[in-house]
Amino acid sequence: MSFPTHRPRRLRRTEALRDLVRETRISTTGLIYPMFVCPGTKVRQAVSSMPGVAQQSVDQLLEECREVESLGIPGIILFGLPESKDATGSSSTHAQGIVQRAVEAIRKASLKLVVITDVCLCEYTDHGHCGVVENGEVANDATLEILANQALSHARAGADIVAPSDMMDGRVAAIRAKLEDHRFENLPILAYAAKYSSAFYGPFREAAQSTPQFGDRRSYQMDPANAREALKEVALDLEEGADMVMVKPALPYLDVIRRVRDHFDVPVGAYNVSGEYAMVKAAAANGWLDEKRAVLEIITGIQRAGADIILTYHAKDVARWLRTPGTNM
Ligand code: PBG
């Protein structure tokens, strides 16, 4: 039996009917807002390729954290711009490093936000790679101890979750062991498990001042053509002790998000990255698309693909839009 018995349009006739049968219901409760912290006081330096996003000193960051919390967004992920960089990214592990100070300040302000810290070397190395360089190559094993110490310093500062994004092999195991040794056995690890070598990180590298000074990241981040390999990366990170996994970027990898969701029973995150944000912002500024509709469609798509948690620079706008009665997809 088909037409005219079946008329799918019956359930699309009115707003109320569409609301009733909607399969994917987006909400602010799964969003994480990324933020960039820099040295100084009263600093708020706009990132030109990411309208609305800024590098901020701790005092300014706190103000925005209050706003984020008041919008009902459950958490933030923090990236740091250190005072100094060197070959091994040593400032990333200091108790008084930029991210560590920011986390302590957020804790002192008794905000309820879940504070996630990005664990990586690229913002802290003078060459901009995510690991230490030996003989012109990014050395895997020599990087692990530094990453583990960085994660431990974030834990000591009061981070709620650490999120390694460097894509070195074995980093989750190294971090898990270090946390265990220092009585942080309850600290969750959100692994950037399937992180692709992507053109869409361009604006972020301006924001985080982390552009590699030679070569690229293809020897450690994943090849965009590979999806089976993402399942292997996720399986390894879970075996090593990750509690949650992430796929990054989001939009060109919705199929990967879906596969990871179907294969594993852990929370799955997706990072709607800087280049994805910049494209929407640029088109909207030109009047080429309706920003609100485009963003809500993007967030719905990422959630429909299977993401439980979405890291997005649109989080504050989405939260505001979802507060407006009658707003949904
Ligand atoms: C690396 C890191 C990157 C992003 C998050 N963590 C950039 C990179 O791998 O070059 C990208 C985030 C974005 O583009 O929004 N620490």
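User: Where in this predicted model does Met167 sit, and is Met167 buried or exposed?
Analyst: In this predicted model, Met167 falls in the loop that runs between strand S8 (161–164) and helix H5 (171–181). Its relative accessibility comes out at 5%. The cut-off for buried is under 20%, so Met167 counts as buried.

User: What is the phi of Met167?
Analyst: Most residues other than glycine have a negative phi. Met167 isn't a glycine, yet its phi is positive, near 70°.

User: Which other residue has a positive phi without being glycine, and is that residue buried or exposed?
Analyst: Lys42 does, with phi near 55°. You'll find Lys42 in the loop between S1 and strand S2 (44–46). Exposed means over 50% relative accessible area, and Lys42 has 71%, so Lys42 counts as exposed.

User: Which residue forms a salt bridge with Arg171?
Analyst: Look for the closest N and O atoms, which are 3.3 Å apart in this pair. Both residues of the pair are buried. The partner of Arg171 is Asp166.

User: How many residues apart are Asp243 and Arg176, which also form a salt bridge?
Analyst: Their closest N and O atoms are 2.8 Å apart. Asp243 is partly exposed at 35%, while Arg176 counts as buried at 14%. Asp243 belongs to the loop between helix H7 (228–240) and S10, and Arg176 to helix H5, so the bridge links distant parts of the chain, 67 residues apart.

User: Which helices does the salt bridge of Glu145 with Lys178 link?
Analyst: The closest N and O atoms of this pair are 3.1 Å apart. Glu145 counts as partly exposed at 45%, and Lys178 is buried at 14%.

User: Phe36 and Tyr313 form an aromatic pair; how far apart in sequence are the parts it ties together?
Analyst: The rings are stacked, 6.4 Å centre to centre with 5° between the planes. Phe36 lies in strand S1 (residues 31–37) and Tyr313 in the loop between strand S12 (309–312) and helix H11 (315–323), so the parts tied together are 277 residues apart.

User: What is the geometry of the pair Tyr271 and Tyr313?
Analyst: Both tyrosines are buried. Their ring centres are 6.1 Å apart. Stacked needs planes under 30 degrees apart and edge-to-face over 60, so with 45° between the planes the pair is tilted.

User: Over which rings does the charged end of Lys248 sit?
Analyst: One ring has its centre 4.8 Å from the charged end, and that ring is Tyr271. Another is 5.9 Å away at its centre, and that one is Phe204. Ring pairs link both of these aromatics into a cluster that also includes Phe36 and Tyr313. The rings under Lys248 are those of Tyr271 and Phe204.

User: What is the omega of the peptide bond joining Lys248 and Pro249?
Analyst: Most peptide bonds are trans. This one is cis, and its Pro249 lies in the loop between strand S10 (244–248) and H8. Omega is about -10°.

User: At what angle do helix H8 and helix H10 cross?
Analyst: The axes of H8 (residues 254–263) and H10 (residues 291–305) come within 8 Å. Contact residues include Leu254 and Ile257 of H8 and Ile302 and Ala305 of H10. The crossing angle is roughly 35°.

How values were computed: Residues numbered from 1 in each chain as written. Predicted model: local features only at pLDDT ≥ 70, side-chain atom pairs only at ≥ 80, totals over all residues. Heavy atoms only, no water. Phe/Tyr/Trp six-rings, centres within 6.5 Å; stacked < 30°, edge-to-face > 60°. Helix = DSSP H or I, 4+ residues; strand = E, 2+ residues; numbered from the N terminus. Buried < 20%, exposed > 50% of the residue type's maximum accessible area, 1.4 Å probe, protein only. Lys NZ or Arg CZ within 6 Å of the ring centre and 35° of its normal. Axes fitted to C-alpha atoms, helices over the stretch in contact; angles between N-to-C directions. Contact = heavy atoms within 4.5 Å. Salt bridge = Lys/Arg side-chain N within 4 Å of Asp/Glu carboxyl O.
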